[in-house]
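This briefing covers one protein chain. It is meant to be read alongside the sequence and the coordinates.

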Amino acid sequence: MSKEIVVSGIRSTGYLHLGNYFGAIRNYVKMQEEYNCYFFVADYHSLTTHPDPKDLKANVYRVVAENVACGLDPEKVALYAQSDVPEIPELYLMLNMMAYKGELEKVPTFKDKVRQQPENVNAGLLTYPVLMAADIMIHRAVKVPVGKDQEQHIEMTRNFAQRFNNRYGELFPEPQAFNYGSTLVKVPSLDGTGKMSKSENGNATLYLADSDELIRKKVMKAKTDSGPTEPNSEMPEYIQNIFFLMELVSKSDVTESFRRAYNECTIRYGDMKKQIAEDMVSFIRPKREQIEYLLANEEGLKKILRNGAEKARESAMKTITEARKLIGINYY
Ligand code: TRP
């Protein structure tokens, strides 16, 4: 039996952090064993905010290096740049004829952007969900691993697929957002508020690019207090958070002993943070070194991208040929 098709896009903004790793990449790495996966760097999507042309290449290389260093195997999945697959913008153009201004203007992510950057409300921003639908439909994917904030885009993709099928004939399956269920991990930030994030609080977020020293420094600054005074007291959220971080990277008996110490009011947060810092360093260092190693070998990265594009285009060309035929574009 052929494997189900999975597509997901990775935005090329900034450096990867622990939240990205546990929230998304780790799931990609699991999925590559069971599904026929197409993972791409969403470089066209990034043009909506007019990035400096000088930065684009480095950003794309970094995304590839980070994902491969975290375990994505370019032999098992198609790992490619969106802009290397011209069939995507072609399908995007076709789908734009079935996407209505009214529905696009209502999309929450669009409304957010209008608020954030009123000076740059371009048509690419408005039709972002159409391009995303093309990304997914070009491989006739059925599963799309994404965060909660993207589910509405997947719903729109289903609508576009239906509209195409109704008008021109059955070609596209209706994709579902892939929910990782209990494995969907939100990594809390080190300052006790919210989760690790690219844009906010850089000092409360651990990046895979952080040096050992920087990791230690950030962890040691994590918010704690002078400790519980009553046995078995309830943990404040920022203490739950550091236990959560510890559970991600430390051995379970180590975590357990600190839990016991908490319940017995003998916990020393300084020691706990030292332990977390060292285990974080052991966790992040090999990934950071592997990213650096991959980035130093540009030929290797190019080869990954070229092979990925080849695999992606093979599948994309089949879809676009069918779509053209159904629409009536086959003149000779
Ligand atoms: N919009 C997604 C995000 O912001 C990225 C993305 C672009 C994507 N195209 C996609 C995700 C196709 C899944 C499938 O994270």
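The model is predicted. An assignment divides the protein chain into domain 1 (5-185 + 297-327) and domain 2 (202-292). Across the interface of these domains the rule finds zero salt bridges, while a search of the whole structure finds 21.

**Domain arrangement and interface**

- The C-alpha centres of domain 1 and domain 2 are 34 Å apart.
- Domain 1 brings 12 residues to the contact and domain 2 brings 13 residues.
- About 1100 Å² is buried between domain 1 and domain 2, and carbon and sulfur atoms give 84% of this area.
- On the side of domain 1, the residues that lose the most area to domain 2 are L18, F22 and A69, together 43% of what that side buries.
- Two residue pairs are in polar contact between domain 1 and domain 2, both at pLDDT 80 or more.
- Helix 1 (18-34) and helix 3 (53-69) each supply at least two residues of the side of domain 1 that touches domain 2.
- Helix 3 gives the largest share of that side, with four residues.
- By class, the side of domain 1 that touches domain 2 consists of nine nonpolar, one polar and two charged residues.

**Salt bridge K76 to E33**

- K76 and E33 form a salt bridge in which the closest N and O atoms are 3.1 Å apart.
- K76 sits in the loop between helix 3 and strand 3 (78-81) and E33 sits in helix 1, so the pair ties together parts that are 43 residues apart in sequence.
- K76 counts as partly exposed because its relative accessibility is 42%.
- E33 also counts as partly exposed, at 45% relative accessibility.

- R288 pairs with D212 in a salt bridge, with the closest N and O atoms 3.0 Å apart.
- This pair links distant parts of the chain, since R288 belongs to helix 13 (residues 269-296) and D212 to helix 10, 76 residues apart.
- R288 has a relative accessibility of 10% and therefore counts as buried.
- D212 counts as buried too, at 15% relative accessibility.
- A network of salt bridges links D212, R285 and R288.

**Salt bridge E299 to K302**

- E299 and K302 form a salt bridge whose closest N and O atoms are 3.7 Å apart.
- Both residues are in helix 14 (residues 298-327), and because they are three residues apart there, about one helical turn separates them.
- E299 is exposed, with a relative accessible area of 52%.
- K302 counts as partly exposed at 26% relative accessibility.

- S189 is located in the loop between strand 5 (176-178) and helix 10 (212-220).
- With 2% relative accessibility, S189 counts as buried, because the cut-off is under 20%.
- The S189 side chain reaches the backbone oxygen of T193 at 2.7 Å.
- Apart from neighbours within four places in sequence, S189 is in contact with G194, K195, M196, N201, A204 and N241.

Methods:
Residues are numbered from 1 along each chain as its sequence is written. This is a predicted model: local features need pLDDT of at least 70, side-chain atom pairs count only at pLDDT 80 or more; totals for chains, interfaces and linings use all residues. Side-chain values use heavy atoms; hydrogens and water are left out. Buried means under 20% relative accessible area, exposed over 50%, partly exposed in between (1.4 Å probe, protein chains only). A polar contact is a pair of N or O atoms within 3.5 Å; within protein, one must be able to donate a hydrogen and the other to accept it, and residues adjacent in sequence count only if both atoms are side-chain atoms. Contact means heavy atoms within 4.5 Å. Domain bounds come from an automatic or database domain assignment. Buried area is the accessible area (1.4 Å probe) that two parts lose on being put together, summed over both. A salt bridge is a side-chain nitrogen of Lys or Arg within 4 Å of a carboxyl oxygen of Asp or Glu. Ala, Val, Leu, Ile, Met, Phe, Trp, Tyr, Cys and Pro count as nonpolar, Asp, Glu, Lys and Arg as charged, and the others, Gly among them, as polar.
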